[in-house]
Amino acid sequence: MIDPIFLVEAALNGILLGGILALLALGLNLIFGVIDIVWIAYVDLVMLCMYLVYYLVQVYGWPVGLGALASIALGALLGIGVHLTIITPILGSAPINQLLATGGLLFFLQSFATFLWTTDHKSVRLSLPSFEIAGIFVPFTRLIPFAISIVAVVGLYLFLTRTFVGTAIRAVSQDREAMALMGANPQRIYIVTSAVGGLMAGLAGALLIFQYSVHPFFGGQFGPLTFMICVLGGLGNMVGAFVASFIMSEIISLAGVIWSTEMGYVIAFVVFIVMIFARPGGILARRG
Amino acid sequence: MSLLELAGVTAGYGAFTALWDVALRVERGEAVAVVGPNGAGKTTLLRVISGVLPMRTGTLTFDGAALAGHPAHDIVAHGIAHVPEGRRLFPMLSVADNLKMGAYLPTARARYRESLERVYALFPVLAERPAQRAGSLSGGEQQMLAIGRALMSRPRLILLDEPSMGLAPVMVLRLFDLIRRIRAEGYTILVVEQNVRQVLKLVDRAYLLEVGRIKMEGRAAELAEQDFVRKAYVGL
């Protein structure tokens, strides 16, 4: 029998991981919900941002905060760049072509990263203390990214619900032509959406590099998980994606302690496949 | 000079031509109707004016500015608001957020509070439920919201596409009363309607559109007396 303290610790670690997964899932889901194209290479943009932070902080000795800001800026720029160069020309194409184009970007980015930085794993290690509550150690290197993720998610929520542009982003996702009749240039809304989605990727990259090492195939580690969360939550459903992030991170974390990390992923994918059949519209979709 | 003037407008979808050499004008402060049978091209005409559908040939002049070929979001900025067929509300957004989107233009945004008060005064039923999702409103309320949303942009011309469509007869009468009140506030209106008898009581002039061509034009009262129109559309 496993000591219950380990399970509590695993559950806590699941929550801490869920925060960052939520960041990734919401960024990807926002873009899909508004522009209706899945960026297969989304987590590969995160990978580029992680390399940026690695070089700025580890190699050139920038302060951590400044490196993170640079990562966020790079993410936003990459988001705009991907939209203008890859998404805009294929907006009206068949869905399969859109998948091929963003999938092609994935292979391009992976090869590009391998060429520039080799397949070595690179990481930034911060020596931050842990604190202890009732026998459970919580490392600050995980708690701080979690707190920042939650602040970012709340910020995104306020942006989408309280501001003119944020509301317009939601409106475009419901009726693009009607929003043009309101005087909004859809292309401009798309660019803002891609920038916000990219910004979330940049922030996720800045938080992940302090917990995971980066390598050219980092996207393979978190990419499928991120898509799974988006589908589980209901593609385009932001609240669903948020909830699904924590369901998935808890499954992986708890099963990881009870059995092994690999088993955690196996169970997560099985749950996902079962849910696809049980609730194809996502966990929060209305029945019928 | 007329507020809106169309000349030689031809437009369509793919190989299909829906409008042939259409000419039309709307004077400042006027209410004008376009009537005609289903499939005559009435909706296409409004879509061309608001820039949703690009015209193939022809000119569109609004308040002296040549607007042919301008995208929809730019035409709104010139002061033409389009209440489209089927209302096209943002169903998952609240009533208040739908109205907010109506004021998306920078010029309208600056006067958002004031416009909101005017729309709520015109449609008190909307003021009672600002937080309700637009998709859950009744048909009549949805049409009021669609018109209110268009008014939020502070337009100088309002295009109404089949405002009475899908409404109960009692609601149709109420809606026409509301359009009359909007007129009285000084708005210029171009309305497309199936409900010919009601709409001819509302407008100053009307055009009869048939298979994409303007067949007749005149004062609403005179047109209602024309045997042809009366028999075919008014049903008297």
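**Reading helices, sheets and a chain contact**

Mentor: Let's start in helix 4 of chain A, where Gln98(A), Thr102(A), Leu105(A) and Ala113(A) are buried. Before we go on, this is a predicted model: local features need pLDDT of at least 70, side-chain atom pairs count only at pLDDT 80 or more, and totals for chains, interfaces and linings use all residues. Residues are numbered from 1 along each chain as its sequence is written, while chains are lettered from A and ligands numbered from 1 in the order in which they are written.

Trainee: What makes a residue buried or exposed?

Mentor: You count neighbours: buried means 20 or more other C-beta atoms within 10 Å of the residue's own, exposed means 12 or fewer, and partly exposed is in between, with C-beta atoms placed from the backbone. Take Val196(B), which has 22 C-beta neighbours inside 10 Å and therefore counts as buried. Val196(B) belongs to helix 9 (residues 196-202) of chain B.

Trainee: And what covers the buried residues of helix 4 of chain A?

Mentor: The cover includes helix 2 (42-59) and helix 3 (64-87) of chain A. "Contact" here means C-beta atoms, placed from the backbone, within 7 Å. Helices (H or I, at least four residues) and strands (E, at least two) are DSSP runs numbered from the N terminus.

Trainee: How many Å does helix 4 of chain A reach from its first C-alpha to its last?

Mentor: The general idea is an expected span of 1.5 Å times one less than the number of residues. Helix 4 (residues 95-117) of chain A has 23 residues and reaches 33 Å, close to the expected 33 Å. Just after that helix, Thr118(A) takes a positive phi of about 60 degrees. Over in chain B, helix 7 has 13 residues and spans 19 Å, close to the 18 Å expected.

Trainee: Why is helix 7 of chain B called largely enclosed?

Mentor: Ten of its 13 residues are buried, so the rest of the structure largely encloses helix 7 of chain B. Gln142(B), Leu145(B) and Arg149(B) are among the buried ones. Their cover includes strand 6 (80-83), helix 3, helix 5 (112-122), helix 6 (124-127), strand 7 (157-161) and helix 8 (169-184) of chain B.

Trainee: What describes two packed helices?

Mentor: The angle between their axes and the distance between the axes. Axes are lines fitted to C-alpha atoms, for helices over the stretch in contact, and angles run from 0 to 180 degrees between N-to-C directions. In our case, the axes of helix 3 and helix 7 (residues 139-151) of chain B come within 7 Å and cross at roughly 35 degrees. The crossing of these two helices is right-handed; that label applies when the near helix is turned clockwise from the far one by less than a right angle, and left-handed when anticlockwise. Helix 3 of chain B brings Val95(B), Asn98(B), Leu99(B), Met101(B) and Gly102(B), and helix 7 of chain B brings Leu145(B), Gly148(B), Arg149(B) and Ala150(B). These residues divide into five nonpolar, three polar and one charged. Here Ala, Val, Leu, Ile, Met, Phe, Trp, Tyr, Cys and Pro count as nonpolar, Asp, Glu, Lys and Arg as charged, and the others, Gly among them, as polar.

Trainee: Now sheets. In what order do the strands of the open sheet of four in chain B come?

Mentor: Strands pair if DSSP finds at least two bridges between them. The order is 2-1-4-5 in chain B, with antiparallel pairing. Strand 2 and strand 5 (65-66) of chain B are the edges, each pairing on one side only. Helix 1 of chain B packs on this sheet, touching strand 1, strand 2 and strand 4, at about 65 degrees to the direction of strand 2. Strand 1 (residues 4-13) and strand 2 (residues 16-26) of chain B share seven bridges, and Leu4(B) has Val26(B) as its bridge partner. In their hairpin, with two residues between the strands, Gly14(B) takes a positive phi near 55 degrees.

Trainee: Which order does the open sheet of six strands have?

Mentor: That one runs 6-7-8-3-9-10 in chain B, with mixed pairing. The twist averages 15 degrees from one strand to the next. Five bridges join strand 7 to strand 8 (residues 188-193) of chain B, which run parallel.

Trainee: Last one: how many residues of chain B are in contact with chain A?

Mentor: 21 residues of chain B touch 16 of chain A. Helix 2 (72-77) and helix 3 (95-102) of chain B are the elements that give two or more residues to the chain B side. That side divides into twelve nonpolar, five polar and four charged residues.

Key: Two residues are in contact if their C-beta atoms, placed from the backbone, lie within 7 Å.
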